[in-house]
Amino acid sequence: MARVIFLTDFSESYARNLLIGIARYAQEMRQAWSLVRLPLSIRDKSGTEAVVEWSVKMQADAVIGQFYNGSDIRLFRDNGIIAIAQDFQHRFRSIPNITGPHELAGKMCAEYFIEKGFRHFAFYGTRGIIWSDERCRGFRETVARANPEFTFSALRNKARNDLWYYDSTQLTTWLESLPKPVAIMACDDNQAYHITEVCQQIEGGGIRIPDDVAVMGVDNDETICKLSTPNLSSLNQATEQGGYDVAKLIDQLMRNPDSPWEDVMVMPTHITTRQSTDIYAHTDVYIADVLKYIYEHIDQKISVNDLIALVPLSRRLLETRFKREMGTSIYNYILRTRIEKVMQRLREGVGIAEAAAELGFSDTKNLSRIFRQLQGITPSEYRNRYAAKK
C-alpha cells in the first residue's frame with residue numbers, strides 16, 4: 001500500500017481535484033493507497049525538516065507539497081521518500097513538479113477578451129509566484145501582439161504566505177485608474193473574487209461588472225465563482241487528470257527510484273463564461289452591435305446582409321472595418337465562434353450530431369472537417385478528452 005502525504009491548501013479546488021485524480025488512479029490500478037493531508041502551517045512554522053520528520057513518522061512513500069525554493073529538498077530522498085513539488089515560487093530541477101503551460105493560460109484568456117472586442121486590458125496577481133508571473137506574461141504578450149494600440153496595466157503584489165490577503169484601498173485606486181471598459185485577468189479565482197468584492201464595496205456603484213470591468217479567474221472553483229457577485233467567469237484546467245498523472249509517476253518511482261521522470265503538466269482546457277464577462281465591448285459602436293448580434297444568434301444562419309441591416313454602413317465598409325478591428329473576416333469570425341460553441345456543448349457531454357445540428361452545421365462530416373482545421377483534432381477526440389471533466 002502506498003502512503004502519500006499532501007502538503008497544500010485544501011480550501012482550493014485545485015488541490016482537491018488533484019486528490020480525486022490520485023484516488024482514481026489507485027482505483028483503476030486496484031491498489032490500496034492512503035492519502036494523508038498535512039496542513040501548510042507545519043511548513044511555515046517549523047520548516048521542511050518538520051515536514052520530513054512527520055513524513056518519516058507516518059511511513060510515507062511520497063510527499064506532494066508547496067515547497068519554498070530555499071528548502072532542503074534532499075532530506076526527503078535521504079529518508080527514502082519521493083518528493084513532488086506543486087507549483088509555488090519556482091520550478092525545482094532536482095525533483096518533479098506539478099506545473100503547467102501557464103503562459104498558454106494567459107494567452108487563452110487574452111484571446112477570449114480580444115474576440116469580445118476589448119481594447120483595454122489588465123492583470124491582477126501576485127509577484128514571485130510562478131503561475132501568476134507566467135500567466136501575466138502570456139496575457140500581456142498576447143495583447144501586445146494583437147494590436148500595439150491596446151493598453152495594458154498590471155497590479156501584482158509581492159508574494160506572502162497568506163495569499164488570500166490583499167490591500168483593498170490599493171486595489172480600488174488601481175481599478176478606478178484603468179481606462180474603461182477594461183478586461184481583467186486575475187491569476188486565480190481567489191484574486192478575481194477580490195476584484196468583485198472591492199467593486200461591490202465602492203460607494204455609489206462607481207465600477208460596474210461587467211459593464212466597466214470584465215473579470216476572469218483561473219481554476220473554475222465553483223464555490224468561489226458562484227459566491228461572487230456577479231458570478232465569475234474562469235479558465236478551467238485538467239487538474240484531475242494532473243492528479244492521475246502524478247499518481248502514475250509516484251507508482252513508477254516507487255518501483256524504480258532511479259527511473260527518468262518529467263514534470264506533470266496540468267493543461268488549461270476551456271473557459272466557463274458567467275456574468276462577470278457577459279459583455280461585448282468595443283469603442284466602435286457598430287462593431288460592438290455586430291459582435292453582440294453574432295453571439296446572440298450563433299445557433300442560427302447569419303449572413304453579412306443580416307449584419308448590414310444593423311448598422312448604417314455599406315457591405316464593403318463593414319467588412320473592411322470589421323477586419324481592421326477584429327483581425328479576421330466576418331465569415332471566419334462567425335465560423336470560429338460556432339466551433340467554440342460546439343466545443344462547449346461537447347464538453348457538456350452532448351453528442352457530435354446534436355451539437356452540429358444546434359450550431360447550424362449541415363452534417364457531422366462538414367463539422368469534423370472544419371473542427372480539425374481549427375483545433376487540430378476531431379470532434380470525437382475532443383469530446384473523449386474533455387467531456388464532463390473540469
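**Notes on the model**

1. Setting aside residues up to four places away in sequence, I82 touches D61, A62, V63, I250, L253 and M254, where contact means heavy atoms within 4.5 Å. I82 belongs to strand 4, residues 82-86, and helices (H or I, at least four residues) and strands (E, at least two) are here DSSP runs numbered from the N terminus. The C-alpha atoms of I82 and A62 are 4.3 Å apart in space, although 20 residues separate the two in sequence. With a relative accessible area of 14%, I82 is buried; the term stands for under 20% relative accessible area, with exposed for over 50% and partly exposed in between, using a 1.4 Å probe and protein chains only.

2. On the basis of these notes, this is a predicted model, in which local features need pLDDT of at least 70 and side-chain atom pairs count only at pLDDT 80 or more, while totals for chains, interfaces and linings use all residues. Residues are numbered from 1 along each chain as its sequence is written, and side-chain values use heavy atoms, with hydrogens and water left out.

3. For the chain as a whole, the secondary structure comes to 16 helices and 12 strands. The radius of gyration is 23 Å, close to the 21 Å that the globule rule gives for 390 residues, so the chain is as compact as a globular protein of that length; the radius is taken over C-alpha atoms, and the rule is 2.2 Å times the number of residues to the power 0.38. Along the principal axes, the C-alpha atoms fill a box of roughly 75 × 55 × 35 Å. Of the 390 residues in the chain, 53% are buried, and among contacts with a separation of 6 or more, 69% are between residues 24 or more positions apart.

4. T142 lies in helix 5, which covers residues 130-146, and counts as buried at 7% relative accessibility. Beyond its neighbours within four places in sequence, T142 is in contact with K107, A110, E111 and I114.

5. How many disulfides does the structure hold? There are zero, a disulfide being a pair of cysteine sulfur atoms within 2.5 Å. C187 is in none, and the nearest cysteine sulfur, that of C136, is 9.4 Å away. C225 is likewise in no disulfide, with the nearest cysteine sulfur, that of C109, 12 Å away. C187 is buried at a relative accessible area of 0%, and C225 is also buried, at 0%.

6. The structure holds 15 aromatic pairs, counted where ring centres of Phe, Tyr and Trp (its six-membered ring) lie within 6.5 Å, with planes under 30 degrees apart called stacked, over 60 edge-to-face and the rest tilted. Y25 and W33 form an edge-to-face pair, 5.9 Å centre to centre with 70° between the planes, and both residues are buried. F67 and F76 form a tilted pair at 5.4 Å and 45°, and they too are both buried. One aromatic cluster is formed by Y112, F113, F118, F121, F123, F139, F150 and F152.

7. Two lysines deserve a look beside aromatic rings. The charged end of K57 sits over the ring of W54, 5.5 Å from its centre, and that of K116 sits over the ring of Y295, at 5.2 Å from the centre. The criterion is that NZ of Lys or CZ of Arg is within 6 Å of the ring centre and within 35 degrees of the ring normal.
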